[in-house]
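Okay, thanks for coming, everyone. Let me put the structure up on the screen and then walk you through a few parts of it.

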Amino acid sequence: MDVRVLPDYEAMSDAAAEIVAQKLRAQPDAVFLIPTGTTPLGMYRRLVELQEREGLSFSNATFFNLDEYLGLASDHPASYHVYMKTNFYDLVNADPAKVHVPEGAAPDPEAECQRYEAAMREAGGVDLCVLGIGRNGHIGFNEPGAPFDSRTRVVRLAESTRLVNAADFEEKCAPERAITVGMQTIFECRQALLLASGSNKARAVKAATEGTVTEEVPASILSQHPDVTFLLDRDAALLLDETDV
Ligand code: GLP
């Protein structure tokens, strides 16, 4: 486990984009599993800049998103489909045929979960997974208690997560359920990168990196991963016993 503490959000975002860019340069057809949220916005901005400045190309890569709200149409302004198009997919030369986000409004959500899991498998598995972290330690929408052997499935969101995410919705109320890639699928990614910024993530980061490995703290599974990097800004690292800043 590599825990890197960067001075601030900008430096964390730079470092994250550089890891993604390195992967793309070494393996242009790599498979990525990537997050939404406020944390990765800086990383996405830098990746767009790298395409403009250096000609970094995304066209041969495959992208899967970690999650989507259940019941939201893909054109709903608070959907992760719209977030990803607005902040990344429409701004780079990603191939639409190689971009995947779970269909929140699929008529048969269980079938959609199986289709999505199969698509990741058929793509050869995930080379690099980039994750954010919820204040309660969730990754994707795997809330505390998510089984470590879970796959892509429909989940119920924690009330605390719905409250935090309510601001994204005009009606100030987030859906009760979501589709998320599961814990086992995340753990099987060949390389993992977790980004955390801000003091409101400090407790979750400490529990994930220095606490017991437990399903009550989903991100704690990553401490067992053979190739994981935690990229933290100073505030997210505030409670750690030892840092290399
Ligand atoms: C959301 C997403 C997660 C994300 C997390 C943190 O609920 N489903 O994938 O990592 O919350 O979001 P933020 O980066 O906005 O703090």
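So, to start: in what order do the three strands of the open sheet sit? The order is β4-β8-β7, with antiparallel pairing. Before I go on, the housekeeping: this is a predicted model, so keep in mind that local features need pLDDT of at least 70, side-chain atom pairs count only at pLDDT 80 or more, and totals for chains, interfaces and linings use all residues. Residues are numbered from 1 along each chain as its sequence is written, and side-chain values use heavy atoms, with hydrogens and water left out.

Helices (H or I, at least four residues) and strands (E, at least two) are DSSP runs, numbered from the N terminus. Two strands pair if DSSP finds at least two bridges between them.

Lying across β7 and β8 is helix α4 (residues 109-122), which runs at about 120° to β7.

Next up, β10, residues 228-233. How many of its six residues are buried? Six of the six, where buried means under 20% relative accessible area, exposed means over 50%, and partly exposed is in between (1.4 Å probe, protein chains only). V228, F230 and L232 point one way from β10, while T229, L231 and D233 point the other way. And β10 has parallel partners: β1 (residues 2-6) pairs with β10 over five bridges, with V5 opposite L232. Strand β9 (residues 191-196) is also joined to β10 by five bridges, again parallel, and there A192 stands opposite V228.

Over to helix α3, residues 80-87. Which of its residues are buried? Those are Y80, H81, Y83 and M84. They sit on the same side of α3 because they cover an arc of only 165° around the axis, the arc being that of the directions from the helix axis to the C-beta atoms. As a reminder, an α-helix has 3.6 residues a turn, so residues three or four places apart point the same way. What covers them includes β2 (31-34), α2 (41-54) and α5 (159-165), going by contact, meaning heavy atoms within 4.5 Å.

While we're on α2, R46 is in that helix. Buried or exposed? R46 counts as buried, at 12% relative accessibility. Leaving aside neighbours within four places in sequence, R46 is in contact with E10, S13, D14 and A17.

C173, by contrast, is partly exposed, at 39%.

That's my tour; over to you.

Notes:
Axes fitted to C-alpha atoms, helices over the stretch in contact; angles between N-to-C directions.
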